[in-house]
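Hi,

Here is the structure I promised to pass on.

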Amino acid sequence: MPLTDLGHDELVGYRPVSTAPHDFDAFWQRTLDDARSQGGAVKAERVTDRFRLRTVEVDDLRFPGWNGEPVAAWLLRPRGAEGQLPVVVTYIGYSGGRGLPTDHLFWSAAGYAQLVVDSRGQGHDTPDRNQGDGTQWAEGFMTRGIDSPENYYYRRLMTDCARAVDAVAELPGLDARRVVVAGGSQGGGLALAAAGLLGDRVAAVMPDVPFLCHFRRAVQITGEGPYPEIAKYLRWHSRHRVEPTFATLDYFDGVHFAQRATAPALFSVGLMDPICPASTVYAAFNHYAGDDRTMTVWPFADHGGGCGSNPPVQLDWLAERGLAPEQ
């Protein structure tokens, strides 16, 4: 992988023509309306003692997601915290789930509440019961139901992510006016989706090395990670499935969600990333509708981005925007 897939000047100005479907907004409004009409309540069980944690309170949550199906999440809060806490809703990278609460102690240590959302079918605690009526030709999730937008896997997962923000309003001690959506790789793409779908209900978005952006270019130039699942599928269906496949993916592209998102945004990119090439990240960034957008560039980073150097950048950035916990 070269230092960048495009030169610096090209990356900074890289803004491909939008291919958003004409009914993009109507499709997603119908999708969320259908999910919300299923009803269901958030259920929480205090499990702190199970993990022998002394400074953090942990709740094991289930909230209604796609089709009203229960989605697992961890809610972590500083023990003894008073008042309404800002909350970081965290989405997970590809092939991972919510894991254990001991995997997610950073934000509560900094005084925030954190809602860690399981990824249906990828984690252990949220099955993808309705796997779609379409083809899953390759391994992984990228082609599950790819025959149509209605059946595609990411319709269900992105709905879960939006409903996670809905769930915040039902949880005591959380400030629904200060919801930050965040994640790395797939989690970054899901954070962009939530920001684009939920408008001013999201106070800030922090997508790190986001996946699920600028699908057509990503599939054409990326040799590692999940994008080759789509290339492999199209290799065997190239005569009749190429354009219909990208027409489906257009409903789930982070570029198109970015065009609808206005919350302050802190992106990050690794210029030597072989999984989410820099141009695909900049495609979303340069289409982002909000005026307050910042890109943290890690020139020699791969898909790990800034690794441990990135969270302090995020803390400072949130504090500058009045989204730090009260002292």
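Below is what I found, going from the whole chain to one residue.

A caveat before the rest: this is a predicted model, where local features need pLDDT of at least 70, side-chain atom pairs count only at pLDDT 80 or more, and totals for chains, interfaces and linings use all residues. Numbering runs from 1 along each chain as its sequence is written, and side-chain values use heavy atoms, with hydrogens and water left out.

The protein chain has 11 helices and 9 strands (DSSP runs, H or I of at least four residues for helices and E of at least two for strands, numbered from the N terminus). Its C-alpha trace spans about 60 × 45 × 35 Å along the principal axes. Of its 327 residues, 60% count as buried, meaning under 20% relative accessible area with a 1.4 Å probe, protein chains only.

The largest nonpolar core holds 83 residues, and Val89, Tyr91, Leu115, Tyr154 and Val181 touch the most other members. (Such a core is a set of buried Ala, Val, Leu, Ile, Met, Phe, Trp, Tyr and Cys residues joined through side-chain atoms within 4.5 Å.) Helix H4, residues 153-168, gives the most to this core, with 10 residues. There is also a second, separate core of 12 residues, including Trp107 and Leu323.

Now look at Ser268, in strand E8 (residues 265-270). Ser268 is buried, at 2% relative accessible area. Its side chain makes a polar contact with the side chain of Asp208 at 2.9 Å (a pair of N or O atoms within 3.5 Å, one able to donate a hydrogen and the other to accept it; residues adjacent in sequence count only if both atoms are side-chain atoms).

Cheers

How values were computed:
Buried means under 20% relative accessible area, exposed over 50%, partly exposed in between (1.4 Å probe, protein chains only).
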